[in-house]
Amino acid sequence: MRMKTSDSRYCKCMYFVSNALARKIEKLANDAWKKVNLSPSHAYMLLIILEEPGIQPGKLAEEMQLQPSTITRLIEKIEGKKLAVRTYEGKITNVYPTPKAKQLLPQMKECVKNFHQSYSSVL
């Protein structure tokens, strides 16, 4: 039997409680995004790219609060799934969704909805 977080000796420790919550939310997010075969990070990045075709990686890093090197790896992964393409204009890189990504959008919106419903029950 699993102990509830509120029964732990560290239940009033912000470090412990925030990490316990993060683990629960991570599991819910992974479960929600399995339907479209994307990790939560890839999915949310793709949602931004769909909303802002031609977005630059620096803006994605800012928006997602991730390091540029992490953004590059995420872009490479969704490019590998044929969901985004990068174009280059001199030193400027732009990221665009593919038609395959656009077709996936309704399912992605459903994943977002399901995720929000699932974590509402945790909070």
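## Salt bridges

A salt bridge is counted here where a side-chain nitrogen of Lys or Arg lies within 4 Å of a carboxyl oxygen of Asp or Glu. In this predicted model, that rule gives a count of four salt bridges. One of them joins the side chains of Lys 34 and Asp 31, with 3.6 Å between N and O. Lys 34 is exposed, because its relative accessibility is 61%, whereas Asp 31 has a value of 31% and is classed as partly exposed. Asp 31 and Lys 34 also belong, together with Lys 27, to a network of salt bridges.

A further salt bridge connects the side chains of Glu 63 and Lys 59, at an N to O distance of 3.8 Å. Both residues lie in helix α3 (residues 57-64), and because they are four residues apart there, about one helical turn separates them. Glu 63 is partly exposed, with a relative accessible area of 44%. Lys 59 is likewise partly exposed, at 36%. The side chains of Arg 86 and Glu 79 also meet in a salt bridge, where the N to O distance is 2.6 Å. Arg 86 has a relative accessible area of 22% and is partly exposed; Glu 79, at 22% relative accessibility, counts as partly exposed.

## Packing of helices α2 and α4

Helix α2 (residues 40-51) packs against helix α4 (residues 68-80) at an angle of about 85°, and the two axes are 10 Å apart. An angle of this size makes α2 roughly perpendicular to α4. On the α2 side, the contact is formed by Ser 41, His 42, Met 45, Leu 46 and Ile 49. On the α4 side, Ile 71, Leu 74, Ile 75, Lys 77 and Ile 78 take part. Sorted by class, the residues in this contact are seven nonpolar, two polar and one charged.

## Packing of helices α3 and α4

Helix α4 also packs with α3, here at an angle of about 110° and with the axes 9 Å apart. The helices α3 and α4 are therefore roughly perpendicular to each other. Helix α3 contributes Pro 57, Leu 60, Ala 61 and Met 64 to the contact, and α4 contributes Pro 68, Ile 71 and Ile 75. By class, this contact of α3 with α4 holds seven nonpolar residues, with no polar and no charged ones.

## The surroundings of Met 45

Met 45 is located in helix α2. With a relative accessibility of 0%, Met 45 counts as buried. When neighbours within four places in sequence are set aside, the residues in contact with Met 45 are Leu 60, Met 64, Ile 71, Leu 74, Ile 75 and Ile 78. Among these, Leu 60 and Met 64 are residues that α3 brings to its contact with α4. From Met 45 to Lys 100, the distance is 15 Å between C-alpha atoms, and the two residues are 55 apart in sequence.

## Confidence of the model

The protein chain has an average pLDDT of 91, and 92% of its residues score at least 70. Confidence is highest in strand β2 (residues 92-97), where the value is 98, and lowest in helix α1 (residues 14-33), where the mean is 89.

Notes: Residues numbered from 1 in each chain as written. Predicted model: local features only at pLDDT ≥ 70, side-chain atom pairs only at ≥ 80, totals over all residues. Heavy atoms only, no water. Buried < 20%, exposed > 50% of the residue type's maximum accessible area, 1.4 Å probe, protein only. Helix = DSSP H or I, 4+ residues; strand = E, 2+ residues; numbered from the N terminus. pLDDT = per-residue confidence, 0-100. Axes fitted to C-alpha atoms, helices over the stretch in contact; angles between N-to-C directions. Parallel < 35°, antiparallel > 145°, perpendicular 65-115°, else oblique. Contact = heavy atoms within 4.5 Å. Nonpolar A, V, L, I, M, F, W, Y, C, P; charged D, E, K, R; others polar.
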